[in-house]
Amino acid sequence: MLSDQHKKAIQSAYSQFLAGRGLRARYGQKLMVAAIARTLGAIRQNASGERDSGQSDGDHICVVEAGTGTGKTVAYLLASIPLAQARGKTLVVSTATVALQEQIINKDLPEVARHSGLEFDFILAKGRGRYLCLSKLDQLLSGFSASGTGVTLSLYGDEQPLLGEDTVLLYREMADKLATGTWDGDRDNWPETLDAEDWSRITTDHRQCSGRRCPHVGNCSFFRARDSLGKAQVIVANHDLLLADLALGGGAILPPPEETIYVLDEAHHLPDKALNHFSHHSRVGASSGWLEQANKSLGQMLGEIGDGGDIDRCGEQLPAVLTSAKQGLEQMWPLIEELCEFEADGGSSYSGASARHRFEGGVVPEPMMQLAEKLREDFDELESLLGKMLQAAQKLLEDPHSPVPAVDLERWYPQLGSWYGRAEANLQLWANYARPDADGALPQARWVTLVDWGGSHDFEVCSSPILAARTLEYSLWRRCYGAVLTSATLTALGKFDRLKLRAGTPDNASYQVVPSPFDFSRAVLRVPACAVDAGDADAHTNAVIDTLPDLLQGDGGALVLFSSRRQMETVYEALPGTWRNRILMQGQRSRQQLLETHRDIVDGGGSSVLFGLASFAEGLDLPGDYCRHVVIAKLPFAVPDDPIEAALAEWIEARGGNPFMQITVPDAALKLVQACGRLLRTEADSGTVTLLDRRVVTRRYGRAILDSLPPFTRRIE
């Protein structure tokens, strides 16, 4: 139970914050503060400060849906910071987007610290990939030829091209700014946008990083930031970093889950991000090329860092294993061609990039499974040998009397780490393909994608859990001291069932929907008489073309959302030229440039219409005149080509369920709520949401979808 002392501390901080900012208390915000405080305040702990394992599985988890305008960031900060401090735990706030991460670290936390009377330290956490690797930068610059013809970065040709002089000038500028202290090595703090390829050469991952053994560790941007994490009481991270930490066992980057209270903002993104982190994939052709190039480079490596011990002993065994694994991949290529039929979207036969073959039920044909077992054995041995070589190299880096020059070890260590990482990824994939799923277990989705590879093609072999629920349950919910999940869209069709299915949150967690301060009657939800059934794609597209000019008369801003790029571009091209001049279409320019142009036009008293896809249906903030009308072309049903969703539907159907009603309709309802949420962004906003899909009226599921939307004034014609 929440103690009176903690209750008063939270109430005092909330009152001081409101007074300091000159704000009024919002009813939904107060309910959210209370719900979080009750859950976190009721966590029982033992004498060692650990959460009492005898407590029910979900009592330490609070799930709150809070719409736009609730002030949920302030609510969860004011409720959780005092309780985290009282329990001696670190508060980790995790978001799905960089924009919200920056808002919390640059605006919300400073304001809470300034006005609430609470005293706490906070810091932004990022992964290694956001920081420069001094070792790599040093190697690149020292290897640049005096003649200016460039430097070859890679030991094998499938990864890095020749460096141009302009790129080397960029790297020299970086080195100068680091030396003078005018740059801290953080990619996000570099004054210009950095090309992804330029940056990839000078950053690293945990496999390639020699850690505290690196001679540059004293000046390492990542380790300086990492050391600061241990001193902060509040850490702002993102879901990708959190999941990467959990994949490493938890506590490798962020504090251990057992010592952490998590606030997961934009929590509806967590399941999909978790699937990405716990899936496996490898390209057959690219991996075969890597094995061949590694074999060619091995002699040079052993000649430079051979130690007369484990590096030499393991290195001598590598050629046979590298060759065997390469032969296995070469046998896999014709087997895939024989066993897989690649289809493009819509089911037609297709030989271009991004066509897929999915194994129904996740069942891999026996010949492929047998070859996968051979590959598993090869990559298991390869991973073991490379792991021993890495450990030996680490010891040599620590040894002041090492027989191997440190400069050679530093140059080859990242390469060894890269080989190890690729061997590990292949081992995980082929182990997944070599064994059928256990009886009663959730099946894996398994598929092969035909991808473009330098003008030719390659096969990308993939596997993924169909749900992240079990992984999140064991790695996060059961381990964490406490957790708060929040978003404007956590329910679907008025229930939390979708979140429970996909994220695995316990049934007995605290679930609550708090009201928005918005007056939704200020907005009209309209289904006009001219709306047609989007099941007939051509008729629907023609109706949208005919309808839009009349719908979007007048000045100000409007947003038209499409479910497919093809329809969006078809509608755009079919509209009169005078109309196209008013439209800013996603893909024509960067998102930021489109929004800036849109705002400038509206500020000047003009009319501007944004055409966008799913990414414009979420996170777009266009208050007031910037968006007075949202037109939704069709109900946002997912395109049935995603192999994970198809496998999930198969599994539900095999258990006697209805995938359409259990997955497709709730998903569409949630996406529709998000799309409608682009209209009202402040309490003073008003306008119209127009849905040009008659199915919401004529189909059995339409009523449930309509009832899941905010209480707009309805005009069904």
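## Aromatic pairs and a buried aspartate

Welcome to this predicted model, in which 16 aromatic pairs are counted. Phe 222 and Phe 223 make up one of these pairs, with an edge-to-face arrangement. Phe 222 has a relative accessibility of 5%, so it counts as buried. Phe 223, at 6%, counts as buried too. Together with Tyr 131, Phe 222 and Phe 223 form one aromatic cluster.

Another edge-to-face pair joins Trp 430 and Tyr 433. Both of its residues are buried. They sit three residues apart in helix H14 (residues 406–434), which means that about one helical turn separates Trp 430 from Tyr 433.

Here are the two pairs side by side:

| Aromatic pair | Centre to centre | Angle between planes |
|---|---|---|
| Phe 222 and Phe 223 | 5.2 Å | 75° |
| Trp 430 and Tyr 433 | 6.0 Å | 65° |

Aromatic rings also meet charged side chains here. Lys 500 lies over the face of Tyr 511, 4.7 Å from the ring centre. Arg 582 lies over the face of Trp 579, at 4.1 Å from the ring centre.

Next, have a look at Asp 458, found in strand S9 (residues 456–465). Asp 458 is buried but has no salt bridge. The nearest side chain of opposite charge belongs to Arg 283, 5.3 Å away. The side chain of Asp 458 does reach the backbone nitrogen of Ala 286, at 2.9 Å. Setting aside neighbours within four places in sequence, the contacts of Asp 458 include Arg 283, Val 284, Gly 285 and Ala 286, and also Trp 333 and Trp 453.

Note on methods. Residues are numbered from 1 along each chain as its sequence is written. This is a predicted model: local features need pLDDT of at least 70, side-chain atom pairs count only at pLDDT 80 or more; totals for chains, interfaces and linings use all residues. Side-chain values use heavy atoms; hydrogens and water are left out. Helices (H or I, at least four residues) and strands (E, at least two) are DSSP runs, numbered from the N terminus. Buried means under 20% relative accessible area, exposed over 50%, partly exposed in between (1.4 Å probe, protein chains only). Lys and Arg count as positive and Asp and Glu as negative; His and the chain ends are not counted. A salt bridge is a side-chain nitrogen of Lys or Arg within 4 Å of a carboxyl oxygen of Asp or Glu. A polar contact is a pair of N or O atoms within 3.5 Å; within protein, one must be able to donate a hydrogen and the other to accept it, and residues adjacent in sequence count only if both atoms are side-chain atoms. Contact means heavy atoms within 4.5 Å. Rings of Phe, Tyr and Trp (its six-membered ring) pair if their centres lie within 6.5 Å; planes under 30 degrees apart count as stacked, over 60 as edge-to-face and the rest as tilted. A charge sits over a ring if NZ of Lys or CZ of Arg is within 6 Å of the ring centre and within 35 degrees of the ring normal.
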